[in-house]
Amino acid sequence: MSALEIHVFLCRKDNIGVLVHAEDGTTAAIDAPDADAVLAALDVTGWSLTHILVTHHHGDHTAGNLELKDKTGCRIIGPRGEAARIPGIDVDVDDGDSFVLGGHRVEVIGTPGHTMGHVTYFMPDDRAAFVGDTLFVMGCGRVLEGNYEMMWHSLCRIASLPRDTRIYCGHDYTIANARFGLSIEPDNALLRHRLEDAEQRTADGRITVPTVLEQELQTNVFLRPHNFGTRTRLGMGAVADWRVFGEMRDRKNKS
Ligand code: ZN
Ligand code: FE
């Protein structure tokens, strides 16, 4: 199979827009933060929109749905648990479902926590995962509708994907995440290096997405609650991983 082409762009303020293009012309937007920005990206690439894959119902991920559907006739696929809140939805999907997009397999993984119906789209043959607001580069989404145990379980689902999976997330909060991460793991040299790299990229006007799962496992403190140094620093001993995760998420909320 030849490679899927993936185009990433920044829109709104800090949302990441993504276009996925298959050999047969099928082109999917991952979420639709802003119709004009998606249309501009289609213009740049010369691709014609055929689908929108929605990760969750928040406005900064669905605001462009109706205008894009109106202008392109695209089909909108989104999470079953939030179907009533996804404008223009045609097909609803949930954990365990799979479908084929332009000849490429897409697996749906339920990743609740940020919202209750949030889903991740994983393309196993292309080693790409579209995780919305669940996992960020060196960070994770706020737990708005679910609870910490649920969010931790969702992060574990993503963490158990193949290590060479490229992770496309919904926002570029990379620098703030890395700085927070260093407050938890100040001796993590790779994390420090990645912060410097993100600062350089951002200064150059480049996007810090995608990341690779392998790197996240080494530098994303929210995936590392088992880390001994972290537990010592937080004054938490032999408690469940999700409790340590929750403590870090609490601290990040206040930082
Ligand atoms: Zn969101
Ligand atoms: Fe968002």
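The iron ion (ligand 2) is held in this predicted model by four protein donors, namely Asp 60 (OD), His 61 (NE2), Asp 133 (OD) and His 171 (NE2), at 2.1 to 2.3 Å. Donors are N, O and S atoms within 2.8 Å of the metal (3.2 Å for Na, K and Ca), and since water is not among the atoms, sites may look incomplete. Along the chain, the donors of the iron ion (ligand 2) follow the spacing D-H-x71-D-x37-H. The angles subtended by the four donor atoms run from 84 to 174 degrees, which makes the arrangement around the iron ion (ligand 2) irregular. For that term, four donors are tetrahedral if all angles lie between 85 and 135 degrees; four are square planar and six octahedral if opposite donors are over 155 degrees apart and all others between 65 and 115; anything else is irregular.

Residues are numbered from 1 along each chain as its sequence is written, while chains are lettered from A and ligands numbered from 1 in the order in which they are written. In this predicted model, local features need pLDDT of at least 70 and side-chain atom pairs count only at pLDDT 80 or more, whereas totals for chains, interfaces and linings use all residues; side-chain values use heavy atoms, with hydrogens and water left out.

Which residue coordinates both metals? Asp 133 does, and the zinc ion (ligand 1) and the iron ion (ligand 2) are 3.1 Å apart. His 114 lies in the loop between β8 (104-110) and β9 (119-123) and Asp 133 in the loop between β10 and β11, so this pair ties together parts that are 19 residues apart in sequence. Here helices (H or I, at least four residues) and strands (E, at least two) are DSSP runs numbered from the N terminus.

Buried means under 20% relative accessible area, exposed over 50%, and partly exposed in between (1.4 Å probe, protein chains only). His 171, a donor of the iron ion, is likewise buried.

The discussion now turns to the domains. The assignment gives domain 1 (5-151 + 165-169) and domain 2 (174-254); such bounds come from an automatic or database domain assignment. The C-alpha centres of the two domains lie 24 Å apart. Contact, defined as heavy atoms within 4.5 Å, involves 21 residues of domain 1 and 23 residues of domain 2. The two domains bury about 2000 Å² between them, 70% of it on carbon and sulfur atoms. This buried area is the accessible area (1.4 Å probe) that two parts lose on being put together, summed over both. Val 137, Met 138 and Tyr 148 supply 42% of the area that domain 1 buries against domain 2, more than any other three residues. Thr 174, in helix α5, touches Val 137 and Met 138 as well as Ala 198 and Thr 208, not counting residues up to four places away in sequence. Thr 174 is buried, with a relative accessible area of 2%.

How many salt bridges are counted between domain 1 and domain 2? The count is zero. A salt bridge is a side-chain nitrogen of Lys or Arg within 4 Å of a carboxyl oxygen of Asp or Glu. By this rule the count comes to 15 salt bridges.

Three of these pairs illustrate the pattern. Arg 80 forms a salt bridge with Asp 92, their closest N and O atoms being 2.5 Å apart. Arg 80 is partly exposed at 40% relative accessible area, and Asp 92 is partly exposed at 33%. Arg 80, Asp 92 and Asp 97 are linked in a network of salt bridges. Glu 107 pairs with Arg 105 at 3.1 Å between the closest N and O atoms. Arg 194 forms a salt bridge with Glu 216, with 2.8 Å between the closest N and O atoms. Arg 194 lies in helix α6 (residues 189-203) and Glu 216 in helix α7 (residues 213-219), so the pair ties together parts 22 residues apart in sequence. Arg 194 counts as buried at 10% relative accessibility, and Glu 216 counts as buried at 0%.
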